[in-house]
Amino acid sequence: MDKGWDRGGTGEYMNTNRHKKSIAVLLGSVLIAGSVMTVDGNVVTADAVSKSKSTYEQTGVPQVISRMSPSVVGIIGKVTPGSMNDVDDRYNLAHGTGVIWKSDGWIITNAHVVDGLSGITVVTSDGKSYKARAVHSDPKSDIALVKINAKSLKPAKFAASAQEAIVGETVVAIGTPISFSLRNSASVGVVSGLNRSVDGSYRLIQTDTAINPGNSGGPLVNLKGEVIGINSKKFAAVGIENMGFSIPAETVSYVANHLLKYGEVRRASLGLELEESWSAIVGLPSDDPLTVTKVRSGEARKAGIEDQDVLYAINGKRVYSVVDINERLKSFMPGQQVRLLMQRDGDIIEVTLKLSQDGAMAVEGGEGEFVNVKRK
């Protein structure tokens, strides 16, 4: 093909060089003079030409990425020998992502990013490196806090609640996928679903935004520039595409505030081993209650709760699964009281229960409310 030729929309070849110079001169004179002219029957102004070169007005994504990137950090460390991530390799490093929470150096990330790492280093978007001075981790929620000695950092803006998100709205994930050299990479997708219960203690946000190894701990951001979630996990298998999950902002706030104040999550528990219905386990619509299979705490025994009692509601709000219970109990502290609506031998009863601390009485599992699959 001769130089200067391109393929037109009809499959014919046309010479594009012939008109380039004259059109460029005409457009240049329009921009300089600020006047209006017609090119191929279309009115062209300086403002129109300027806007046509910009996608900012169309999506807002570039501004969101620009504003959020200074609040996103890379996290890297040495895998501790004997940990689940241990590999026989002299360059035995693992990395993830974090979000600046406080300007004085508190970083939010995933628990699975920092657990089992030593010599943790945080790298900010401007290339500065900081050694971690403290780490507080909560594996149950998969949230951790990392403290670095830094001042005047730019904290991210967190949404008060991810419940205001809309399925289908555009979101951006920023993180450190695959290689630490790819820090502050961005990907764009939508909110695919809310309140998902998938292999976790709390509800999650589902998104089709690309989340790759190393993105863990990074933000899921709406077009208002608010962090609505912390990217945590994805389904990865042949035939499965674009199924990532993020921890909602309200759960992140609950856990992070506990970690900052206590160094741990003082999580309230009913002190009961509970059995979910089969339909609840597989995700079918269900009104089935939960069944008590074991009374584990002294407080629950004092309240008179017995094996095979059936639990319907906490403080008047129905619960259908252990995730429902965990979500209800986020607003309570150990030692506070709740009212349980239960059934025993066909009779409906109300029990006042003093909440215990999750893990304080656990011998097997340590996951608070205990779940077995019940086939009905």
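Predicted model: local features only at pLDDT ≥ 70, side-chain atom pairs only at ≥ 80, totals over all residues.

What does β5 pair with? One partner is strand β6, residues 93-102, which runs antiparallel to β5 and is joined to it by 7 bridges. Within that pairing, V73 stands opposite G98 of β6. Another partner is strand β8, residues 117-123, again in the antiparallel sense, over 5 bridges. There, V79 has L117 in β8 as its bridge partner.

How many of its residues are buried? The count is 6 of the 6, so β19 too is largely enclosed by the rest of the structure. Strand β20, residues 290-295, pairs with β19 over 4 bridges, antiparallel. E275 has T291 as its bridge partner in β20.

Now a helix. In α4, residues 61-68, the buried residues include V61, V64 and M68. These three cover an arc of only 60° around the axis, which puts them on the same side of α4.

N222 itself lies in strand β15, residues 219-222. Is N222 buried or exposed? At a relative accessible area of 6%, N222 is buried, because the limit is 20%. Its side chain has a polar atom 3.0 Å from the backbone nitrogen of K224.

Next, a lysine. K140 is in the loop between β9, residues 129-138, and β10, residues 143-148. Its relative accessibility is 14%, so K140 counts as buried as well. The side chain of K140 makes a polar contact of 3.3 Å with the side chain of D358.

On to the rings. A pair of aromatic rings is described by two quantities, the distance of the centres and the angle of the planes. Searching the whole structure gives 1 aromatic pair. The rings are those of Y202 and Y254, with centres 6.5 Å apart and planes at 70°, so the pair is edge-to-face. Where do the two residues sit? Y202 is in the loop between β13, residues 185-196, and β14, residues 204-207, while Y254 is in helix α6, residues 249-262. The pair therefore ties together parts that are 52 residues apart in sequence. Both tyrosines are below the cut-off: Y202 is buried at a relative accessible area of 4%, and Y254 is buried at 10%.

Last, charges over rings. The charged end of K102 sits over the ring of W101, at 4.6 Å from the ring centre. K147 lies over the face of W106, and the distance to the ring centre there is 6.0 Å.

The aromatic pair of Y202 and Y254 is edge-to-face. N222 is buried, and K140 counts as buried too. That's what I have; questions are welcome.

Definitions and conventions
Residues numbered from 1 in each chain as written. Heavy atoms only, no water. Buried < 20%, exposed > 50% of the residue type's maximum accessible area, 1.4 Å probe, protein only. Polar contact = N/O pair within 3.5 Å; in protein donor to acceptor, adjacent residues only side chain to side chain. Phe/Tyr/Trp six-rings, centres within 6.5 Å; stacked < 30°, edge-to-face > 60°. Lys NZ or Arg CZ within 6 Å of the ring centre and 35° of its normal. Pairing = 2+ DSSP bridges. Arc of directions from axis to C-beta.
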